[in-house]
Amino acid sequence: MPLGTEIASHLPFLRRYARALTGDQQAGDGLVRRLLEMALAEPELRARLSGGRLPLYRAFSDLFAAQETPRSTASHAPADLRLGRIAPLARQALLLTTIEDFTPAQAAQVLGLTPDETADLARGAVADIARDSATSVLVIEDEPLIAMQLETLVTSMGHSIFGTAATRAQAQKLMVKGVPGLVLADIQLADGSSGLDAVADLLAVADVPVIFITAFPERLLTGDGPEPTWLITKPFREDSVQAAMAQALFFRQS
C-alpha cells in the first residue's frame with residue numbers, strides 16, 4: 001500500500017486524538033498538519049511513518065513533546081491553571097489506552113515508556129482531573145439501555161444527571177430549566193431528529209462541552225468544516241467515555 005494511502009486511512013483518528021489532547025479542533029488539526037508538512041520535507045521522518053498507526057502516533061507524540069503545550073484558541077483559564085498539575089504525558093497515556101484503543105504495550109511504544117509507567121500515568125490523569133470537575137450531565141440518547149448505562153457511568157464518576165432525552169424536542173424541554181455542564185449526545189435519535197441539531201440548540205445559548213457518541217465517527221471527521229472535538233465510537237468502552245469526559249472537563253471554561 002502506498003504510504004500516502006496508508007496514512008490517509010489513519011488521519012481522521014489521529015485528528016480526533018490531537019483535538020482531545022489540545023481541547024480544540026483548530027489546535028489539534030494544526031498539529032497534524034504540521035506533522036504532514038514535516039514528513040514531506042524530511043525523507044527520514046517520512047520513512048518512519050510506514051507501518052500503520054503506531055509509528056504515525058509515535059511521530060505525532062514526538063512533535064507534541066518538542067513544542068510548548070498547545071493552548072486552545074478559546075479562553076480556557078481554568079484548564080491553563082491546571083496544566084502544570086496534570087502533565088500532558090499523563091493525558092496522552094489516558095487517551096491512547098481508552099479513546100484510541102491502543103493496548104498499554106502499544107501506548108508505551110508511542111510514548112517511549114514501559115507499559116507499567118503508561119498504566120500508572122493514565123490512572124493518575126483520571127484521578128487528577130476528577131478531583132475538582134464534578135458537574136451535571138445531559139444525556140441525549142434514544143436507546144434506553146445505553147442511556148441507563150451512560151447515567152450509571154456518569155454518577156459513578158461523581159457527576160449528577162441534568163436529564164435524559166431521546167429526541168430533540170425532549171432535549172429542548174430540558175434546556176428550559178437551565179444549562180448542563182457537559183453533554184453526551186448520540187447522532188441518530190428516536191423520532192428521526194438529530195442529536196447534532198439538539199446540541200446546536202444548546203450551543204446557541206451556552207458554551208458547553210459536548211461528547212458525541214456514534215456508530216459512524218467517519219461521518220463527522222471529513223475535514224470539510226467545523227467538527228466535534230470529542231467523539232466516541234459505538235459500541236463504546238466505558239473507560240473511553242470516562243476519558244473523554246475527563247478531557248472535556250479539563251478544558252471546560254468557567
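Glu 100 is buried, with a relative accessible area of 2%, where buried stands for under 20% relative accessible area, exposed for over 50% and partly exposed for anything in between, using a 1.4 Å probe and protein chains only. The model is a predicted one, in which local features need pLDDT of at least 70 and side-chain atom pairs count only at pLDDT 80 or more, while totals for chains, interfaces and linings use all residues. Residues are numbered from 1 along each chain as its sequence is written, and side-chain values use heavy atoms, with hydrogens and water left out.

Glu 100 is found in the loop between α6 and α7, helices being DSSP runs of H or I with at least four residues and strands runs of E with at least two, both numbered from the N terminus. Leaving aside neighbours within four places in sequence, Glu 100 is in contact (heavy atoms within 4.5 Å) with Phe 13, Arg 16, Tyr 17, Arg 53, Tyr 57 and Leu 95. Asp 101 also lies in the loop between α6 (88–97) and α7, but is partly exposed, with a relative accessible area of 47%. The phi of Asp 101 is near 65 degrees, a positive value in a residue other than glycine.

## The chain as a whole

The chain has 12 helices and 5 strands, and of its 254 residues, 51% count as buried. Among the contacts with a separation of 6 or more, 69% come from residues 24 or more positions apart.

## Asp 29 in helix α2

Asp 29 has its place in helix α2, which covers residues 25–41, and is buried at a relative accessible area of 12%. Outside the four places on either side in sequence, Asp 29 is in contact with Arg 15 and Arg 19. With Arg 19, the side chain of Asp 29 forms a polar contact of 2.9 Å; such a contact is a pair of N or O atoms within 3.5 Å, where within protein one must be able to donate a hydrogen and the other to accept it, and residues adjacent in sequence count only if both atoms are side-chain atoms.

## How helix α4 packs

Two packed helices are described by the angle between their axes and the distance between the axes. Here the axes are lines fitted to C-alpha atoms, for helices over the stretch in contact, and the angles run from 0 to 180 degrees between N-to-C directions. Helices α2 and α4 pack at an angle of about 105 degrees with their axes 10 Å apart, which makes α2 roughly perpendicular to α4. In this scheme angles under 35 degrees count as roughly parallel, over 145 as roughly antiparallel, 65 to 115 as roughly perpendicular and the rest as oblique. On the α2 side the contact is made by Leu 31, Val 32, Arg 34, Leu 35 and Met 38, and on the α4 side by Leu 56, Ala 59, Phe 60, Leu 63 and Phe 64. These residues divide into 9 nonpolar, no polar and 1 charged, with Ala, Val, Leu, Ile, Met, Phe, Trp, Tyr, Cys and Pro counted as nonpolar, Asp, Glu, Lys and Arg as charged, and the others, Gly among them, as polar.

Helix α4 (residues 53–66) and helix α7 (residues 104–111) have axes that come within 8 Å and cross at roughly 45 degrees, which makes α4 oblique to α7. Leu 54, Tyr 57, Arg 58 and Ser 61 of α4 meet Gln 106, Gln 109, Val 110 and Leu 111 of α7, and by class this contact has 4 nonpolar, 3 polar and 1 charged residues.

## The nonpolar cores

A nonpolar core is a set of buried Ala, Val, Leu, Ile, Met, Phe, Trp, Tyr and Cys residues joined through side-chain atoms within 4.5 Å. The largest such core has 52 residues, and those with the most contacts inside it are Leu 14, Phe 60, Leu 184, Ile 211 and Met 245. A second, separate core of 20 residues includes Leu 189, Ala 206, Val 210 and Leu 220.

## A cis peptide bond at Pro 235

Most residues other than glycine have a negative phi, and most peptide bonds are trans. Lys 234 and Pro 235, however, are joined by a cis peptide bond with an omega of about -5 degrees. Pro 235 lies in the loop between β5 (230–233) and α12 (238–250) and counts as exposed at 81% relative accessibility. Pro 235 and Ile 146 are 89 residues apart in sequence and 9.7 Å apart in space, C-alpha to C-alpha.
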